[in-house]
Amino acid sequence: MCLGNICRSPTAEGVMQHLVEAADLTQHIELDSAGTGAYHVGERPDRRSAAAAQRRGIELRGRARQFEVSDFDAFDHVVAMDQANFVDLTRLCRSAADRAKLSLLRDHDPESPKGSDVPDPYYGGAGGFDEVLDICEAGCRHLLARLRQDHGW
Ligand code: 4NP
């Protein structure tokens with residue numbers, strides 16, 4: 001989850017999908033991304049994000065949508081890209097069970113300080129998109145390792 005669902009969370013989704021396919025776990029893991037905001041609903045991922053991902057052989061699929069409370073029913077894990085998104089999602093929780101599904105992507109990476117944000121690349125330079133990819137790759141690798149361990153895959 002991010003704000004616009006055109007930069008960071010589509011990147012994290014694409015990176016995770018790539019890892020899941022490489023690990024042959026597509027029968028176990030279903031992924032999607034969404035934004036807490038509605039400003040970009042229906043748009044394709046930002047072309048700078050898509051180009052940076054393409055250079056690493058990762059395709060960013062889908063169109064932006066806004067997070068819905070029913071996503072807490074549809075998914076076991078709801079992973080926020082930054083603290084602001086995390087707080088927004090916390091406000092949408094209906095129960096302790098919903099709350100237990102929330103995490104920050106970088107908190108899955110033991111090398112990131114606790115509570116770190118994936119920086120929003122939207123208004124920054126081109127290097128920000130590669131930085132987002134590096135951060136997503138680290139977070140997603142650790143998240144996938146944890147899922148494999150938890151489920152015995
Ligand atoms: P994202 O990036 O949350 O990573 O998709 C953003 C995209 C657009 C805006 C903010 C963040 N915006 O304000 O338009």
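Predicted model: local features only at pLDDT ≥ 70, side-chain atom pairs only at ≥ 80, totals over all residues.
**Entry: the cavity**

I counted 1 cavity of 30 Å³ or more. I then listed its lining: Cys-7, Arg-8, Thr-11, Ser-49, Ala-52, Pro-121, Phe-129, Val-132 and Leu-133. Sorted by class, these are 6 nonpolar, 2 polar and 1 charged. H1, H2 and H6 each put at least two residues into the lining. The biggest share comes from H6, with 3 residues.

**Entry: the pockets**

I turned to the open spaces next. The largest pocket holds about 550 Å³. Its lining runs to 27 residues, and those nearest the centre are Glu-30, Leu-31, Phe-75, His-77 and Val-79. Helix H1 (8-22), helix H3 (71-74), strand S1 (78-80) and helix H6 (127-151) each contribute at least two lining residues. I noted 16 nonpolar, 5 polar and 6 charged residues in this lining.

For the second largest pocket I read about 150 Å³. Its lining includes Cys-2, Leu-3, Gly-4, Asn-5, Ile-6, Cys-7 and Arg-8. Tyr-39, His-40, Asp-120, Tyr-122 and Tyr-123 are also among its lining residues.

**Entry: helix H1**

Since H1 kept turning up, I checked its length. Its 15 residues should span 21 Å at 1.5 Å a residue, and the end C-alpha atoms are 21 Å apart, so the two agree.

Is H1 mostly covered or mostly open? It is mostly covered, with 12 of its 15 residues buried. I wrote down the buried ones: Arg-8, Ser-9, Pro-10, Thr-11, Ala-12, Glu-13, Gly-14, Val-15, Met-16, Gln-17, Leu-19 and Val-20. Helix H2 (47-54), helix H4 (83-92) and H6 are among the elements that cover them.

Nonpolar side chains in soluble globular proteins tend to be buried together. I looked for such groups here. The largest nonpolar core has 28 residues, and Val-15, Met-16, Leu-105 and Leu-144 have the most contacts inside it. H1, H2 and H6 each supply at least two residues of this core, and H6 gives the most, with 9.

Which residues does Val-15 touch, leaving aside its neighbours within four places in sequence? I found Ile-58, Leu-133, Cys-136, Glu-137 and Cys-140 in contact with Val-15. A second, separate core has 11 residues, including Ala-34, Phe-67, Phe-86 and Cys-93.

**Entry: two positive phi values**

Asn-5, in the segment before H1, has a phi near 60°, a positive value in a residue other than glycine. Asp-24 sits in the loop between H1 and H2, just after H1, and takes a positive phi of about 60°. Asp-24 is likewise a residue other than glycine.

Asp-24 has a relative accessible area of 56%, which is over 50%, so I marked Asp-24 as exposed.

How values were computed: Residues numbered from 1 in each chain as written. Heavy atoms only, no water. 1 Å grid on protein atoms, 1.4 Å probe; cavity = no way out; pocket = protein on both sides within 12 Å on 5 of 7 lines; lining within 4 Å. Points joined across faces, edges and corners; volume = space filled by probe spheres on them. Helix = DSSP H or I, 4+ residues; strand = E, 2+ residues; numbered from the N terminus. Nonpolar A, V, L, I, M, F, W, Y, C, P; charged D, E, K, R; others polar. Expected span 1.5 Å × (residues − 1). Buried < 20%, exposed > 50% of the residue type's maximum accessible area, 1.4 Å probe, protein only. Contact = heavy atoms within 4.5 Å. Core = buried A, V, L, I, M, F, W, Y, C linked by side-chain atoms within 4.5 Å.
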